[in-house]
Amino acid sequence: MATFHREIIEVADAAALARAAAERVIARMESNPGRIAICLTGGSSPKQLYELLGQEPYKNQVPWDRVHWFIGDDRFVKAADPLNNMSMARRIFLDRCAPAVNIHPIATESHSPYEAAHLYETELKTFYGATVLDPPQPLFDLVLLGVGPDGHIASLFPGYPAVNVTDQWVVGVSEAHVAPFVPRVSLTLPALGSCHEMLFELSGADKRAILTRVLTGEDLPANRARAYEGETVWLCDSAALPENYRD
Ligand code: 6PG
């Protein structure tokens, strides 16, 4: 059962959801005058948001030189593979807008998902400047997440040991619970939770079944994911929300 505070914000549809998400991302950037770290997500849910961030009026509001872009999980496939999450974000907006040194992909062409996890953990620790997460100093300004049909977030699948890992920031996941059935590399709950804001995006009637399970408090990765010292916000469109939660 989720015992932390989660704010649920209802919006009309997918387009409104992407706009609301873009506005939250920009507001979060505006609240940090220094170096900013955003952790992106894969799947289809964030694509419209990524398109907006690469277009006016939002593009002009992003302090591109100060923003570093990470990814919460990736499929262990080559960068050129259409399934690669960071490549999707790069194609939609990052390669056009962000300095290359500010884009931090997972090394999905390394020897194994475990090696890629180790490399990414080292990169995150170097960026953070410490090897232990200090709750009042979150790693990320904002972490974006989607929810899979089984209640997974990033590549933390229900019932898999990776969900319970607390002594690593990044793990290799040898198999996926849902398609695409390729090995994954995923940040763990403590790393994802080290943020000022965790922002979920759920759109469309296909999400209603899993959202119903989440909101009844089932023990799912999606219910364990939260910002430990920040805001946890679920942006949902009307089609995704169960009837008794609408309005
Ligand atoms: C991935 C993701 C994954 C995704 C959810 C929701 O690599 O697949 O990062 O956790 O966010 O499965 O996916 P959709 O947005 O496609 O529904």
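1. Helices (H or I, at least four residues) and strands (E, at least two) are here DSSP runs, numbered from the N terminus. The model is predicted, so that local features need pLDDT of at least 70 and side-chain atom pairs count only at pLDDT 80 or more, while totals for chains, interfaces and linings use all residues. Residues are numbered from 1 along each chain as its sequence is written, and side-chain values use heavy atoms, with hydrogens and water left out.

2. Asp 237 belongs to strand E9, which covers residues 231-237. Asp 237 is buried and lacks a salt bridge, the nearest side chain of opposite charge being that of Arg 208, 7.8 Å away; buried means under 20% relative accessible area, exposed over 50% and partly exposed in between (1.4 Å probe, protein chains only), and a salt bridge is a side-chain nitrogen of Lys or Arg within 4 Å of a carboxyl oxygen of Asp or Glu.

3. Ser 238 lies in the segment after E9, and because its relative accessibility is 23%, Ser 238 counts as partly exposed. The side chains of Ser 238 and Glu 10 are joined by a polar contact of 2.8 Å (a pair of N or O atoms within 3.5 Å; within protein, one must be able to donate a hydrogen and the other to accept it, and residues adjacent in sequence count only if both atoms are side-chain atoms).

How values were computed
Lys and Arg count as positive and Asp and Glu as negative; His and the chain ends are not counted.
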